[in-house]
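Please look at the model shown below before reading on. The dialogue then takes up its features one at a time.

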Amino acid sequence: MKAIILAGGGGTRLWPVSRRRSPKQVEAIVGDRSLLQATYDRLRRAFKPQDILVAAAEAQRAKVAAQLPRLPLANLILEPYRRDTASAIGFALLQAARRDPDDNFAVIYSDAYVKDVDEYLRVIRSADQVVASHPDRILLIGIKPSYPETGYGYIRTGPLVQKRRTGGRADFVFKLDRFIEKPSLDKAREYLAHGGYLWNPGLIVGRIGRFLSLYERDLPEHARIFTAMKKSFGLRGETAAVRRLFKKLPSISVDYGILEKQKGLLVMPADFGWADVGNWRTVRDVLAADPDANVVKGLHVGIDSRGNLIYGRPGKLMATVGVHGMVIIDTGDTVLVCPQDRAQDVKKLVAELEGCSRYRKYS
């Protein structure tokens, strides 16, 4: 089985630590290791280095190589342009298929937090075995929701297909009924009470050749370009040809382009303490000891200050009085202050910066 780490995102909601030149996956947002390093470390407990592939932006080549010195350079798959997840996954699978198109794969996003790593790896092994016995099916790992989250997409489970045991634990495999967009709070509460709804973390497991064949029917322009790329493999001008062709790939997510068009998808519920490290509120939720605790990186003195996320610079004191539920980030050239319940809007702020020539350098 091949683990494919997607590490090409922009991470704009984690600005100003995450920026164009150094996006969130190569930054130490949670803990002392970057999100990418933490993901790689997690997988290395179950995968050999040659079975882990990292799909990253071409501009991040040096940083990724420096952060993952044990990753074979041939396993660093560089995307010359950002063309969303359908292109990123398809291109990575195209490279994996050069070795063995009949091998299984798991798509792993580099920006996730996992609390129970042993259970996480056990679930991936179980999913691999399900696909091995159903090579024409694609399986998604869904997360049992622990609270009514409105920032995630959901999956509704259908009829039970299989019950199996792996590593002493029971797994239930269902037919996927439907995908659901990010819900309102009332709907999210309804889904939590129902029990048949799961968070969709984008964990895809399947057979390499089978998944690539889905592009031919559902994303024919991608398939045409991928075929042209394959013809350049092994030739002297491969790099230039791939770069020229990659630019022509349409931008579309794998969810809209492939997954939501499929019938017969499988889904396996899991619970290993997963969170999408997508905004500063999530970072605080992951790191906080309790709801009223301040999460501090650096030096902080506070009076009547609770439930804050405070990131400062080494040697610089951050002081707060009467501040509750705020995000305060100081990166040296930039200071961000916002309520945690507005953390999703940081992405809009970055869009404002990129639209202004005076401030674009800070994005």
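This is a predicted model: local features need pLDDT of at least 70, side-chain atom pairs count only at pLDDT 80 or more; totals for chains, interfaces and linings use all residues.

Q: Which strands pair with β2, and in what sense?

A: Helices (H or I, at least four residues) and strands (E, at least two) are DSSP runs, numbered from the N terminus. Two strands pair if DSSP finds at least two bridges between them. Here β1 (residues 2–7) pairs with β2 in the parallel sense over 5 bridges, with I5 opposite V54. Strand β3 (residues 76–79) is also a parallel partner of β2, over 4 bridges; in β3, E79 is the bridge partner of A57.

Q: What handedness do the units around β2 have?

A: A crossover is right-handed if, with the strands pointing away from the viewer, the path from the first strand over the helix to the second runs clockwise. The unit of β1, helix α1 (residues 35–44) and β2 is a right-handed β-α-β unit. Another right-handed β-α-β unit consists of β2, helix α2 (residues 61–67) and β3.

Q: Why is strand β2 described as largely enclosed?

A: Buried means under 20% relative accessible area, exposed over 50%, and partly exposed in between (1.4 Å probe, protein chains only). In β2 (residues 52–57), 5 of the 6 residues are buried, so the rest of the structure largely encloses this strand.

Q: Which residues touch the most other members of the largest nonpolar core?

A: In soluble globular proteins, nonpolar side chains tend to be buried together. A nonpolar core is a set of buried Ala, Val, Leu, Ile, Met, Phe, Trp, Tyr and Cys residues joined through side-chain atoms within 4.5 Å. The largest one has 68 residues, of which L43, V54, L139, I141, F272 and W280 touch the most other members. Helix α4 (residues 117–133) supplies the largest share of this core, 8 residues. Apart from it lies another core, of 42 residues, including A92 and V242.

Q: What is the strand order in the open sheet of 4 strands?

A: The order is β12-β14-β16-β17, with mixed pairing. Strands β12 (295–297) and β17 (335–339) stand at the edges with a single partner strand each, so one side of each has no neighbour in the sheet. Strands β14 (residues 309–311) and β16 (residues 326–330) are parallel, with 3 bridges, and L309 stands opposite V327. By contrast, β16 and β17 run antiparallel and are joined by 5 bridges. They form a hairpin with 4 residues between them, and G332 in the turn has a positive phi of about 100°.

Q: Which residues of β17 lie on its covered face?

A: The covered face holds L336 and C338, whereas V335, V337 and P339 lie on the uncovered one.

Q: How many disulfides are there?

A: A disulfide is a pair of cysteine sulfur atoms within 2.5 Å. By this rule the count is 0. C338 is in no disulfide, as the nearest cysteine sulfur, that of C356, is 20 Å away. C338 has 8% relative accessibility and therefore counts as buried; C356, at 27%, counts as partly exposed.

Notes
Residues are numbered from 1 along each chain as its sequence is written. Side-chain values use heavy atoms; hydrogens and water are left out.
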